[in-house]
Amino acid sequence: MNSVTHTLELADPIQEAFPVMREAASQHCRPHPDGGRDCHAYHRFWPWRRLLGTNPGAISRSDYFVPAYLELARRDLPARVLVSGSADYALFALVLHAFRAAGREPEVTVLDMCEAPLVINRWYAEREGAAVTTARANILDFNTNDPFSLITTDNFLSRIDWPQRAKLVAHWCSLLCPGGQVVTTEVVGSRLPRSGPAREARLAERLSLIHISEP
């Protein structure tokens, strides 16, 4: 338990981060040689969307994330967290805020297949005097001998083909310690209706907590 009191404003430092994000995307993202799906366009334009507020990302869902993280941070579990895919520093910021509010300093690993978001997470860690481990890998290929108490992501499952989602969730679960959780803001189990009351009901339950009692 860390006895030092930390403060972390949830104010979004996007103006400071913007040039770092743009440079990281320019340096590390390349178009797919065959025209297939890649992160080049996404990571190049994401800083603009964040700066202009057209898509504030995970920061705008802090009312969902922070209470879930805080509840877990107050348990007698290792303060080990995996951010499984992240366009920027937002999830790391929310994790850090919640764990520091609980008087703990988390051991955070940020994983992504592209180096660009890993660069911005290392920038944010330095800015906030925190430690972070970054891993450039496919989550399905990632393993560890030290399980996590929390695995979290935002808007990630939409990028995974439906047949692979069950495999992904099972792999997340295999990386958790007993009592650990996956926290995501996407419906895990079934497709979201296109419109109507059913869609609104599902959106109201958008925060999914997957409770795991055994690794």
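How many salt bridges does the structure hold?

1. Overall layout. Please keep in mind throughout that this is a predicted model. The secondary structure of the chain comes to 7 helices and 6 strands, and, read from the N terminus on, these elements follow the order α-α-α-β-α-β-α-β-β-α-β-α-β. Of the 215 residues in the chain, 46% are buried.

2. Helix H5. This helix covers residues 115–127, 13 residues in total, and the distance from its first C-alpha to its last is 19 Å, which is close to the 18 Å expected at 1.5 Å a residue. The buried residues in H5 are Glu115, Ala116, Pro117, Leu118, Ile120, Asn121, Tyr124 and Ala125. After the helix comes Gly129, which has a positive phi, near 65°.

3. H4 is mostly covered, with 10 of its 12 residues buried; they are Ala90, Leu91, Phe92, Ala93, Leu94, Val95, Leu96, Ala98, Phe99 and Arg100. The aromatic pairs of the structure number 5. In one of them, the ring centres of Phe92 and Tyr124 are 5.8 Å apart and the planes stand at 70°, so the pair counts as edge-to-face. Because Phe92 belongs to helix H4 (residues 90–101) and Tyr124 to helix H5, the pair ties together parts that are 32 residues apart in sequence. Both partners are covered: Phe92 is buried with a relative accessible area of 0%, and Tyr124 is buried with a value of 2%. Phe92 and Tyr124 also belong to one aromatic cluster together with Tyr89 and Trp123.

4. Salt bridges. To answer the opening question, the structure holds 8 salt bridges. In one of them, the side chains of Arg127 and Glu16 meet at 2.8 Å, N to O. This pair links distant parts of the chain, since Arg127 is in helix H5 and Glu16 in helix H1, 111 residues apart. Arg127 counts as partly exposed at 37% relative accessibility, and Glu16 likewise counts as partly exposed, at 44%. Another salt bridge joins Arg122 to Glu115, with the closest N and O atoms 2.6 Å apart. Here Arg122 counts as partly exposed, at 33% relative accessibility, whereas Glu115 is buried, with a relative accessible area of 18%, because the cut-off for a buried residue is under 20%. Salt bridges that share partners also join Glu16, Arg127 and Glu128 into one network. A further example is the salt bridge between Glu71 and Arg75, whose closest N and O atoms are 3.1 Å apart; Glu71 counts as partly exposed at 37% relative accessibility, and Arg75 is partly exposed as well, at 27%.

5. Where does Cys29 lie? Cys29 is placed in the loop between helix H1 (14–28) and helix H2 (40–52). The C-alpha atoms of Cys29 and Glu115 are separated by 7.9 Å, although the two residues are 86 positions apart along the chain.

6. A nonpolar patch on the surface. Which residues form it? The patch consists of Phe45, Trp48, Leu51 and Leu52, which together have about 410 Å² of accessible area. Leu51, one of these residues, is found in helix H2, and Leu51 is partly exposed, with a relative accessible area of 32%.

Methods:
Residues numbered from 1 in each chain as written. Predicted model: local features only at pLDDT ≥ 70, side-chain atom pairs only at ≥ 80, totals over all residues. Heavy atoms only, no water. Helix = DSSP H or I, 4+ residues; strand = E, 2+ residues; numbered from the N terminus. Expected span 1.5 Å × (residues − 1). Buried < 20%, exposed > 50% of the residue type's maximum accessible area, 1.4 Å probe, protein only. Patch = residues over 30% accessible without salt bridge, like charges linked within 9 Å, V, L, I, M, F, W, Y side chains within 5 Å. Areas by Shrake-Rupley, 256 points an atom, 1.4 Å probe, with all protein chains shown as cover. Salt bridge = Lys/Arg side-chain N within 4 Å of Asp/Glu carboxyl O. Phe/Tyr/Trp six-rings, centres within 6.5 Å; stacked < 30°, edge-to-face > 60°.
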